Amino acid sequence: MVATILPCPAHHPDPTVVERAAAAIRDGRLVAIPTETVYGLAADALDLDAVRAIFEAKGRPPTDPLIVHVDGLDMLTRVVDGPLPPPAALLVEAFWPGPLTLVVPRNAAVPAAVSSGLATVAVRCPSHPVAAAVITAAGTPVAAPSANRFGQISPTSADHVFVELGDRIDLIVDAGRADRGLESTVVAFDGDEAVILRPGAITAEQLADVVAVREVRRASGETNASPGHDERHYSPRTPTLTVAASFDPAAAPAAGDVVYAGYADRAPTLPDGWRFESLGPLADLDTVAHDLYDGLRRIDGTHPSLILVELTGATGIGRAIDDRLTRAGSSIVLAHADELAGRLG
Ligand code: TXA
Ligand code: MG
């Protein structure tokens, strides 16, 4: 199988392409679709076989639940059990359609496999015109994880999807580069409080303008509140380590073919032989987010022996960027150059 890429303008969805994607979903097949965050691997969320096919195509363990995508409040009632928790209703009003995923009680119509057996379901309403049009035309809630093989870097273009899944699915809808470049924020509820399980495109500060917010900082070994949001994820194939903003590479030994991925406006002095790659300007973190996964793929493609990625140390969208950079480095963050000893090839 080799996937067909169907171009579809982001702001004027082509009805023929939309209908082809929707028909595939109604038939129980998989289609990669653009969303405002990253590309998703879409299938009918109410069709158990289609849901199983998503896990199979991604090589994703069944213990890692999927996000269900809806086109609005009517479709939401088919996914959620009962009324929304009050803070969830406030967030829907403030941020939907958009990159915010809510973990709410699961309607019995949604197969347990979608949620890896949990009593909850993660649901969001994407703002991308093509995603919205496909869901509406399919007429069913759509389960869609990021369209990458499990543990790999999320795709922000149709080409990325083709590299990841081109031999496993037959249709990729191509609406160009994803707007945000980082996944949705995943939020659960505890009474009146919203609990951030995965930082993402909607910032904690934005959420806090609307509801009380708590951030889950998961220490190693703790129970996984957002199952599947693993310590190693979003990872280049090249060995990758994360370094704190305070890390001084000039003090590191000049060994190995090392790429130092940092920021154009905070470029450090590097040991001989190391290469600097910019993840963008710290002064414009939305651009860093937009280009992050493409940049990591590009750097990975130059096959260095080691990649060091530097944290932004920033708040706002910086939290989501740093979360992904931390996981890209298997959640090992080096503060000092001497911690590199023994890790250089
Ligand atoms: O932006 C996005 O959210 C993209 C696009 C395609 O919509 N999707 C995405 O899906 O990032 P995925 O499967 O790569 O990430 C789903 C996240 C995981 O961290 C998973 O643990 C969490 O959502 N999740 C799903 N269902 C959950 C549940 N019932 N309880 C807690 N976390 C859940
Ligand atoms: Mg993913």
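Start by selecting helices α8 and α9: α8 passes α9 in a left-handed crossing (the near helix is turned anticlockwise from the far one by less than a right angle; helices are DSSP runs of H or I, at least four residues, numbered from the N terminus). This is a predicted model, where local features need pLDDT of at least 70, side-chain atom pairs count only at pLDDT 80 or more, and totals for chains, interfaces and linings use all residues. Residues are numbered from 1 along each chain as written, chains are lettered from A and ligands numbered from 1 in written order, and side-chain values use heavy atoms, without hydrogens and water.

The α8 (residues 285-300) and α9 (residues 317-328) axes come within 9 Å and cross at roughly 30°; axes are lines fitted to C-alpha atoms over the stretch in contact, with angles from 0 to 180 degrees between N-to-C directions. The two helices are therefore roughly parallel (under 35 degrees). Show side chains at the contact (heavy atoms within 4.5 Å): among them are Leu 292 and Tyr 293 of α8 and Ile 321 and Arg 324 of α9.

Next, jump to Val 92, in helix α4 (residues 86-95). Val 92 is buried, at 10% relative accessible area (buried is under 20%, with a 1.4 Å probe and protein chains only). Beyond residues up to four places away in sequence, Val 92 touches Leu 73, Leu 84 and Leu 102.

Technical notes:
Angles under 35 degrees count as roughly parallel, over 145 as roughly antiparallel, 65 to 115 as roughly perpendicular and the rest as oblique. Buried means under 20% relative accessible area, exposed over 50%, partly exposed in between (1.4 Å probe, protein chains only).
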